[in-house]
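Subject: Structure for your review

Hello,

Here is the structure I said I would pass on. My notes follow below it.

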Amino acid sequence: MSSFSVTEPSKRSKWVAGTLVVTYALITMIPLVWILLTGFKSPADAISYPPKVVFDPTLEGYVNLFTTRTRQTQEFLNANPPQNWADEIVRQYDMVIVGPSKFGERFMNSVIIGFGSTFLSIFLGTLAAYAFSRFKVPLKDDLLFFILSTRMMPPVAVAIPIFLMFRNLGLSDTHLGMILLYTGVNISLAVWLLKGFIDEIPREYEEAALIDGYTRFQAFYKVVLPQAATGIASTAIFCLIFAWNEYAFAVLLTSATAQTAPPFIPTIIGVGGLDWPAVAAGATIFLIPVMIFTILMRKHLLRGITFGAVRK
């Protein structure tokens with residue numbers, strides 16, 4: 001009789017599973033690749049039908065994304081020759097570059113608000129999750145359900161109350177206001193995820209540290225946090241993705257000072273309408289920070305997803 005393992009998949013199962021994973025990955029990457037390619041198209045190629053797969057690449061979309069342009073007379077253009085390659089690109093539309101666009105400011109707003117709210121959510125969520133996991137909190141289950149229930153409401157349901165509250169408190173169109181808002185939304189996710197990770201850390205480790213003379217805070221900082229690093233990294237990724245991509249509150253509560261990239265990118269106007277290459281270029285650049293952060297944390301993310309799946 002040939003040996004057969006219940007836990008070890010067969011070669012055929014591995015091949016089928018691998019094929020399905022690769023096929024799914026390729027399908028999900030098609031929109032990202034198309035956005036990347038559109039950023040290097042001319043406006044005419046971007047809206048051509050049927051869509052062009054083979055085209056002459058140009059940096060016009062990136063130039064339009066990062067610069068502000070104005071139309072000039074032919075006499076002015078003849079008297080002022082192009083200074084660089086970017087000037088040459090815009091001259092084909094009888095325009096000149098007059099300064100930088102607001103994309104850089106909006107992008108930095110996204111970085112400040114996204115990473116700021118993520119840090120605050122993880123900091124507060126870790127402390128709350130540790131308290132719920134280790135201490136006898138009155139009405140613990142009710143409080144945890146109340147925290148989770150804040151994620152059940154659609155943003156539009158609380159948009160008007162939050163708008164009025166922010167206006168009265170002077171938090172509209174401020175970095176602090178958006179960081180606090182995104183922290184309030186993300187902290188429920190952080191508490192629930194991190195509590196599950198901390199529950200899996202044996203209490204005996206802390207008890208041994210306390211016997212050795214550690215304070216409760218020292219035991220938390222030196223024993224619990226290092227072992228919960230996997231869960232913290234995984235939770236940080238999910239919190240950052242929400243804060244980075246959030247659109248509804250950003251449109252409602254920001255307009256100039258604290259406006260993030262998501263509401264700004266769709267408003268990029270080119271010659272004769274929406275500048276799709278510039279929009280695609282902005283979307284491509286906007287994806288990079290979260291992609292880098294996720295890649296750096298990918299080992300923790302994979303471990304965090306399966307953490308606690310097997311109990312001893």
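A283 sits in helix α15 of what is a predicted model. Its relative accessibility is 22%, which is over the 20% limit for buried, so A283 counts as partly exposed. Leaving out residues up to four places away in sequence, A283 touches I35 and I265. The contact with I35 spans much of the numbering: A283 and I35 are 248 residues apart along the chain, yet 7.5 Å separates their C-alpha atoms.

The largest nonpolar core has 31 residues. Those that touch the most other members are L65, F103, V224, W244, I265, I268 and I285. At least two core residues come from each of α3 (60–66), α6 (103–134), α9 (175–199), α11 (216–227), α12 (229–245), α14 (261–264) and α15. The most, seven residues, are given by α15. Another core lies apart from this one; it has 13 residues, including I113, F166, L181 and Y182.

L32 belongs to helix α1 (residues 11–38), and its relative accessibility of 42% is why L32 counts as partly exposed.

Next, the aromatic rings. The whole structure holds 13 aromatic pairs. One of them is F217 with Y221, a stacked pair at 6.3 Å centre to centre and 10° between the planes. Both residues lie in helix α11, four residues apart, or about one turn of the helix. F217 and Y221 are both exposed. W244 and F286 also form a stacked pair, with 4.8 Å centre to centre and 15° between the planes. This pair links distant parts of the chain, since W244 is in helix α12 and F286 is in helix α15, 42 residues apart. W244 is buried because its relative accessible area is 2%, and F286 is buried because its relative accessible area is 8%. Ring pairs also join W244 and F286 into a cluster with F66, F103, F107, F115, F264 and F293.

As for charged side chains, there are five salt bridges. Which residues are linked in a network of salt bridges? They are R134, E206 and R216. The R134–E206 bridge has an N to O distance of 2.4 Å. R134 is in helix α6 and E206 is in helix α10 (residues 203–211), so this bridge ties together parts that are 72 residues apart in sequence. The E206–R216 bridge has an N to O distance of 3.4 Å. It links E206 in helix α10 to R216 in helix α11, 10 residues apart. Relative accessibility is 11% for R134, which therefore counts as buried; E206, at 2%, counts as buried; and R216, at 36%, counts as partly exposed.

A further salt bridge joins D199 and K195, at 2.9 Å from N to O. Both are in helix α9, four residues apart, about one turn of the helix. At 37% relative accessibility D199 counts as partly exposed, whereas K195, at 17%, counts as buried.

Last, some backbone points to check against your own view of the model. Most residues other than glycine have a negative phi, and most peptide bonds are trans. The peptide bond from Y49 to P50 is cis, with omega near 0°, and P50 lies in the loop between α2 (43–46) and α3. D94 has a positive phi, near 60°. D94 is in the loop between α5 (85–91) and β2 (95–100), and at 32% relative accessibility it counts as partly exposed. D173 also has a positive phi, near 60°. The loop that holds D173 runs between α8 (155–169) and α9; D173 counts as buried, because its relative accessibility is 15%.

Regards

Notes:
Residues numbered from 1 in each chain as written. Predicted model: local features only at pLDDT ≥ 70, side-chain atom pairs only at ≥ 80, totals over all residues. Heavy atoms only, no water. Buried < 20%, exposed > 50% of the residue type's maximum accessible area, 1.4 Å probe, protein only. Core = buried A, V, L, I, M, F, W, Y, C linked by side-chain atoms within 4.5 Å. Contact = heavy atoms within 4.5 Å. Phe/Tyr/Trp six-rings, centres within 6.5 Å; stacked < 30°, edge-to-face > 60°. Salt bridge = Lys/Arg side-chain N within 4 Å of Asp/Glu carboxyl O.
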